[in-house]
Each structure stands twice: as C-alpha cells, then as structure tokens.
Amino acid sequence: MQYDMQPLWLTLQLAFVTTVILFCIGVPFSWWLANTRIRIKPAVEAMVSMPLVLPPSVLGFYLLLAFSPEHWFGHWLDRSLGLRLAFSFKGLVLASCIFSFPFLVHPVQAAFQNLPKSLAEAAYSLGKSKWQTFVHVLLPNVKPALLSGTVLAFAHTVGEFGVVLMIGGNLPNETRVASIAIYDEVESLNYAAANFYAGVLFVLSFIILLAVYFLNRKAQK
Amino acid sequence: MSAALTINAKIYKLLQGVNGSFALDASLQVGKGEFVALYGPSGVGKTTLLRCLAGLDHPASGEIVAQTQGQTQVWFNSAQRIQLEPQHRRVGYMFQDYALFPNMTVRDNLAFALRKGASKQRVDELLAMMELGALQHHKPMTLSGGQRQRVALARALASEPEMLLLDEPLSALDASIRARLQDEILRLQRSMGITTIMVSHDVGEVYKLASRVLVMESGKIVQQGTPVEVFSAGQTSGKFRFTGEILVIEPMDVMCALTVLVGNQIVRVVAMPDEAANLQVGDAVMLVSKAFNPMVMKL
C-alpha cells in the first residue's frame, strides 16, 4: 500500500525551520539571560518556561485568538505585513518556536552560567570584543549544551500535537504534520497508515536521542 | 618590547566582607617598570583593586590615569563618567584560576591573545621562552598547575601589555615549583621592564619579587615601602620571630611541651607551666628566639 509521505516531509520541514530560527534567537538570548542582572529576570525565566507546564491546547488557543483576522493583532499582521498565521505553515513555525523555546534555552543558559566568569574577562583584557569572545571562547565551551538543546528543540517540534491542532488544523500540504495525520487516520479507522506514521516517528525520535547521547559521551572524553 | 606605563589611581568602592561592608579607599602611584606588591590578608580588597585597574570592576568614585610614552590616558573618572573598556587598557591580567580557554590548545591560547596584525612568530618566541614547546598542542585540562601558570603568563604577554597584573599568581603551587616560577617572573619582568602589580599574601614572595610593597588592611593602604623597610621595620634584632598556631599542648613533669605549626613546619618547644596555663590548642602564638648562633647552610 502506498502511503502519503507529505505529512512526514512537512513535519521535518517544520522541525528544521523551527530549529534554525530557535538557534539564532535562543543562543544569544540564553547568553543574555545567563548574564543579565535586571530585576524582572525571574519573570522572564517564568515566561520562557511556561510552555513546559501549560497544556499545549492553552497556548494554541491563545495563539489562535491572536492570529485570527478578527483580533487586532491578527488584523494588524494581515494589513501591514500581509501575514495570515492562523491555519498556515508560517503560523505553525511561530507557534513551534514559542513552544520549543525552553527546550533550547534551559540547557544552554545553564551551561553559560556554569562557565567561569574569568574566561570572558580574560578575553576582554586580551583586547577581544564581546562578539569575538562569544564566538571563540564562550560558544565552543558550551558545545555539548548547544547540541543537546538544538536536538531537544528539534525532537520536541517533531512530537508536537496540541498546539498544531489548535492553530494549524488539518490542511494537507500546509499544516497536516505527522502527529496530526496519525490522529486523523485513527479517527477514520485507517490503522495501517497510522501505524506507518507512528512507526517512522518512533524510530526517528530514538535515532535522534541516541545520536545526542552518543555525541555527548564522545565530547566528554 | 612595548613601552611600560605609569599609573595614578584613586579608588573608592564599598565592598562586602565577612564582617559586614567596608570601604575600599586607596590611592596608589606606580612608576614605569616598577614591580609593586599588594600585600595583606584575604578579603581586604586587594583583588578588587587589581580588577578596578584592569577595568573588570568599576570603582564607585575616583580616578585612574595611565601614562605611556608621554601620552596621558584617563581610564576611569567618576566625575566625567569616563570608563575605558578593559579591551582598551592594554593590561595583561593573570587570574588566580588562570582562566585558560579549555577549548584551545596551549598554542591557540597564545595565538588568540595576539593583537591584530601581530606576527605569528611571537607565539613561537613565547613558547620557547616559557619552555612550553613540547606542550604546545596540549589542552589546558591536561596540564599541571605549574604548566598552566606558565601558559597563563605567556598568554598575558602575547597581547603585548603595557602593564602586568598578577592575582596571587603562585598561590596554588607547591614550594619548589613556586620558587622556580618566581625566578621566571622576575627574569621576564626585568628583561621587559614592564610595569607589574602583584597581589600576594606570602611575605617570601613579596621579598623576592617586589621592589615596593603596599600593605592593605580592610580596604586601606596602611603602610608602604621596600619589602625590607616594611617587613623588618624595628625588627632587625638579634632574634628570630615566628608566628604559628598551637596544635598540641602536653603537660610534662615541670614543663609543658607545645607543638606549633609555623608556616608548613611543625616544631616542638617547651614552655613554663604558667606560660602554658593561658594557652589553648588553636591559639596563634609568636615564638621568639635568640639568633646569635644559628647554623647557616647553603641550599
């Protein structure tokens, strides 16, 4: 029997795009969070961690409200940028970024905090700019955390269901990712197809995690 | 070699100590090519003073002015809100934990420190000078304490600093390596004529290296002069004086035997029972002995 590969491709695309965006935003943000002394730091940290405890449907519900053209934010997005985020791939990417943010930020922030302060100070007094210090001294010394943070964010995006269902719906080629497809196939009693998608996700997740633990063990040697 | 600089600093900053807060309130002048030691017990603000000079900490008020090759540069001025970044101070700072970059080899640590446009040859020169050639492809994790200290010193020099700031450079090392590295620091400092300020709480080290010592107590400089002036003032007598800590008190027939830790030596002395009566294990004591006939042996 021939299965529709589209949901799997869409899942991988979503996870890949989300991970790239998260890496670019999340790594500098983690550094900032590890070093900042602003008073509202606990509030910022709580906000970042919210997706860990909230039911995905709650997040999805509010995002759906905000993205809908009737809401002022969705209206503004539509009018000024021509962006319709509800029931679209772009909306899924944004929601996934928010939802997977803590999975990248937590390990990376902890790793930055564990670096001795004297490393950056030594680089500064050797005449190196903040950027040079960040790239050549700080980042290479948090490599294991970068790896596990990136992979966790990727894997978590692959496994997302609630948020995607709320704001993405089930549009083929647009928002019908693998986790949604499984649910859909089971609903229509098409167990063979559901089994296929589920099996692929199962194996994929295992391989990803195996790779992380394997690489981390190698890095520690 | 790069030109040495002179420093004029007035620094004020509130610090948190074990017994509440106290003010770091010190002014110091350091001349070109001088080797100055900041001496005092831990927690009196020596390291903070050094960090203020490097620009890693900022005084609450005060002024730091550096002069090099006839040019005057204001590093810090609280009234004018000037605060020069550590990047622009041309200071070689040696951290107590050495702060070597764990991701780079010894060679890369030095190469990273080079200034823009500096010749790569400088790395080879420094590696040779500090006898690090054989270790150049090792990561800092695999080095011993003494080797790390040498790498840290070489790295500080690689950036062609005009001043060296050494924060208890040798405190983590054992006595024999310490003596060797002291010689090395002294040789480098003399040959380059580089202005150097060192934090230390070791009298021997200060004697050996520094041409001038500033004694600090709870944030203030309370005494300064050459090490001989400071440490032997009024004490150049025919007596040895050692301070130590009582480890054991053993009453004997008519006397009392005290076991005392002096530096890292344990000595056993006798005391009269009335002397020993008000002593307890753990007390700090001073041992005074006549020195008219010591045995002197060359090492």
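Modeller: The account below takes the helix pair, then the chain contact. This is a predicted model, in which local features need pLDDT of at least 70, side-chain atom pairs count only at pLDDT 80 or more, and totals for chains, interfaces and linings use all residues. Residues are numbered from 1 along each chain as its sequence is written, while chains are lettered from A and ligands numbered from 1 in the order in which they are written.

In chain A, helix α1 (residues 6-35) packs against helix α8 (residues 143-158); helices (H or I, at least four residues) and strands (E, at least two) are DSSP runs numbered from the N terminus. The axes lie 9 Å apart, at an angle of about 140°. The two helices are therefore oblique, that is, neither under 35 degrees (roughly parallel), nor over 145 (roughly antiparallel), nor 65 to 115 (roughly perpendicular).

From α1(A), the contact draws on T11(A), L14(A), A15(A), T18(A), T19(A), L22(A), F23(A) and V27(A); α8(A) contributes L146(A), T150(A), A153(A), F154(A), T157(A) and V158(A). Being in contact requires C-beta atoms, placed from the backbone, within 7 Å. Nine of these residues are nonpolar, five are polar and none is charged, where Ala, Val, Leu, Ile, Met, Phe, Trp, Tyr, Cys and Pro count as nonpolar, Asp, Glu, Lys and Arg as charged, and the others, Gly among them, as polar.

Between the chains, the contact takes 15 residues from chain A and 16 residues from chain B. On the side of chain B, β7 (91-94) and α2 (106-113) each supply at least two residues. That side comprises eleven nonpolar, three polar and two charged residues.

Methods. Axes are lines fitted to C-alpha atoms, for helices over the stretch in contact, and angles run from 0 to 180 degrees between N-to-C directions. Two residues are in contact if their C-beta atoms, placed from the backbone, lie within 7 Å.
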